[in-house]
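Here are a few exercises to work through with the model open beside you. Try each one yourself before reading the solution.

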Amino acid sequence: MSDVLLEFDNVSVRYAGAIAALHGVSLKVHKGEIVALLGANGAGKTTLLKAASNLLPAERGQITGGHILFRGRDVTGSSPHDHIRKGLVPVLEGRRLFRSLTIEENLITGAVGRGLRRAAIADGLEQVYTLFPRLRDRRLSVAGLTSGGEQQMAAIGRGLMARPDLFVLDEPSMGLAPLVVAEIFDALTRLNTETGLTILVAEQNSSVALRHAHHATVIENGRSTLSGRASDLAARDDIKASYLGGH
Ligand code: ATP
């Protein structure tokens, strides 16, 4: 059996107003890998992640060509809820927590899509608090009053509560201090090595992403222009000059 968990096969996307955002992108994410999507602002990284979890219609966007396969089955156009039930869990749109709920209440909302029972929810919370001890301390705090780093950890924790096989993550480093970014990527790496969680992560902070990923793909103007092992890309001077500046 193939070990490809997620595949984009020649995927094109358009937004209302005929703005073409992706032009025939192909990409494979193998089971157990961390794959980084690199590229400048507006290159199409978020669009690709939204296509994977079918969150485009809410943005008046649509897949106009190609297919998305999850575990070898065509999931192009199936509902976000369906994706979550199958184990493809998005952590997108910055943090989007329920600001007036506590951290723990937010985490529990992540289990709802999976219809988990009380014992499974308790296990999930324990896993999240072990991964991010800060969240245990802050579990009764109102999410809107916690720090950006804690909110990002809670967003990841909420995703974990859905028992993902594949995490689709958008810019987990956004707006966070370097130490917090390191803490978050270390946690992602731990999840990957300890639980086998597969991760597709878009990042503008390419140096951090390449340090933690196995493979990476560069997106430029809606096209995938380069793919390879993260260590090979990190060693290339032209990649450093184009994508690693400033971090
Ligand atoms: P960023 O890091 O800024 O999120 P990105 O690489 O994720 O950049 P996208 O957000 O996917 O890029 O944007 C790709 C292109 O699609 C851009 O030209 C953007 O202006 C356009 N776009 C994104 N969302 C919409 C939308 N809802 N409606 C119209 N155009 C959009």
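Before we start: two strands count as paired if DSSP finds at least two bridges between them. Keep in mind that this is a predicted model.

**Exercise 1.** Take β7 and β8, describe how they are joined, and find the partner of D170.

Solution. Start with the ranges: β7 covers residues 166-170 and β8 covers residues 198-203. The two run parallel, and five bridges join them. Now go to D170 and step across to β8: its bridge partner there is A202.

**Exercise 2.** Classify the packing of α6 against α7.

Solution. First get the geometry: the axes of α6 and α7 (residues 178-195) are 10 Å apart, at an angle of about 15 degrees. Angles under 35 degrees count as roughly parallel, so α6 is roughly parallel to α7. The crossing of the pair is right-handed. Next, list who touches: α6 brings G149, Q152, M153, I156 and L160, while α7 brings V180, E183, I184, L188 and L191. Sorted by class, that contact has seven nonpolar, two polar and one charged residues.

**Exercise 3.** Do the analysis for α3 and α4.

Solution. The axes of α3 (residues 103-112) and α4 (residues 118-131) come within 10 Å and cross at roughly 125 degrees. The two helices are therefore oblique to each other, and α3 passes α4 in a right-handed crossing. On the α3 side the contact uses E104, L107, I108 and A111; on the α4 side, I121, L125, V128 and Y129. The class count comes to seven nonpolar, no polar and one charged.

**Exercise 4.** Is T102 buried or exposed, and what does T102 touch?

Solution. Locate T102 first: it sits in the loop between β6 and α3. Its relative accessible area is 15%; buried means under 20%, so T102 is buried. Leaving aside neighbours within four places in sequence, T102 contacts R139, L140, S141, V142 and A143.

Key: Residues are numbered from 1 along each chain as its sequence is written. This is a predicted model: local features need pLDDT of at least 70, side-chain atom pairs count only at pLDDT 80 or more; totals for chains, interfaces and linings use all residues. Side-chain values use heavy atoms; hydrogens and water are left out. Helices (H or I, at least four residues) and strands (E, at least two) are DSSP runs, numbered from the N terminus. Axes are lines fitted to C-alpha atoms, for helices over the stretch in contact, and angles run from 0 to 180 degrees between N-to-C directions. Angles under 35 degrees count as roughly parallel, over 145 as roughly antiparallel, 65 to 115 as roughly perpendicular and the rest as oblique. A crossing is left-handed if the near helix is turned anticlockwise from the far one by less than a right angle, and right-handed if clockwise. Contact means heavy atoms within 4.5 Å. Ala, Val, Leu, Ile, Met, Phe, Trp, Tyr, Cys and Pro count as nonpolar, Asp, Glu, Lys and Arg as charged, and the others, Gly among them, as polar. Buried means under 20% relative accessible area, exposed over 50%, partly exposed in between (1.4 Å probe, protein chains only).
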